[in-house]
Structures are given as C-alpha cells and as structure tokens.
Amino acid sequence: MENLNKYVAVYKEQLEKGDILIAYNELVKFVMKLRTEFIKTLSDKYSFAGILHGYMDYTYFYYSNDFLKSKKLKLGLVLNHLEMRFEIWLLGNTIPTQKNHWELLKNTKWNKDKTEMPKYSILETTLVENPDFDNLEKLTKQIETKMIKASDEILDYLKTLD
C-alpha cells in the first residue's frame, strides 16, 4: 500500500471528529442487543455464537442448529457496514465444505446473479436494505421476522439436497 501515512492521517482526522466512533459503537451495540434478543426468543431453534467484528466492514454473529452442524454449515446475521444493510449468510465450517455447497447452491435464487462464490460465504441474502436506526425496537422486529423467514427458506432448501 502506497502512502499509508496519508490514509492514517485521514483516519485520525475522522476519529477526532467523533462521529465515526459514536456510529460504529452504537451499531455494534445494536448487533449485540439483537443477539441477546434472539437468544431469548429463538434459542429453541438455534444456538448463537459470539459477536465478531470485521475490519469496520462487517459486524456479525453465527447461529446454527443440529441440522446445519451435521452438514458442517452455519448461518450468520451480518451488518454490512459498507452497504449499511442487514444480511443473512450461509457459511461452511471449512473451505472445502464451502466450495462443495457453492456447487450445490450456485444456481439457486440466492446466487442467480453471481458467477463465482462470494468471498466469505456460500450465499448471501439481504434482510433489511435501508435500516431505520431511529426506531430500534421496530428494526429489531423487522430483522427477526425476516431472519426467521430467510433462515427457514434456506434450511428447507438444504433439506431437499439430502
């Protein structure tokens, strides 16, 4: 990378303004609250892993059930910071598992516009395109409803592959 000092100066300047720190911290807190809420309401269907922070690009947590575990798969609820939207990702526990399932799922509705496997996942689907962060209670319900629906659709499809 050329001229890292330039990028660091811009980064430092933006951090000193404070808005990015506040926004990032509040977004991460919200994803943490989502996870806590889903543990309360969905623990009969899924087990939930801890929060993971990307490089300011993604904040996410994995969730799974016995069926997914038996296939060496997991789902992820992802806040995509770059697109500022919530997504569900299907992931493999290993690269070979991921590649194998990509072959099985590359012609599905979730991957119809992709010519190659996504960088981190087997498939990705958008839950909430333009989240309203001024109404977190409503947003939580919206995410939960769409997460359940999308997860059920993905699981139902995976079960047809057996």
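The buried residues of helix 4 (residues 95-105) pack against strand 3, strand 4, strand 5 and helix 5, where contact means heavy atoms within 4.5 Å. This is a predicted model, in which local features need pLDDT of at least 70 and side-chain atom pairs count only at pLDDT 80 or more, while totals for chains, interfaces and linings use all residues. Residues are numbered from 1 along each chain as its sequence is written, and side-chain values use heavy atoms, with hydrogens and water left out. Helices (H or I, at least four residues) and strands (E, at least two) are DSSP runs, numbered from the N terminus.

Within helix 4, the buried residues are Thr-97, Gln-98, His-101, Trp-102 and Leu-105 (buried is under 20% relative accessible area, exposed over 50%, partly exposed in between, with a 1.4 Å probe and protein chains only). Viewed down the axis of helix 4, these residues fall within an arc of 135°, so they line one face of the helix; the arc is taken from the directions from the helix axis to the C-beta atoms. Ile-95 and Pro-96, on the other side of helix 4, are exposed.

Turning to the nonpolar cores, these are sets of buried Ala, Val, Leu, Ile, Met, Phe, Trp, Tyr and Cys residues joined through side-chain atoms within 4.5 Å. The largest has 32 residues, of which Leu-77, Phe-86, Leu-90 and Ile-143 touch the most other members. Among the elements that give two or more residues to this core are helix 2 (19-42), strand 4 (85-92) and helix 5 (136-160). Helix 5 contributes the most, with seven residues. Another core, of five residues, lies apart from it and includes Tyr-60, Val-78, Trp-89 and Leu-91.
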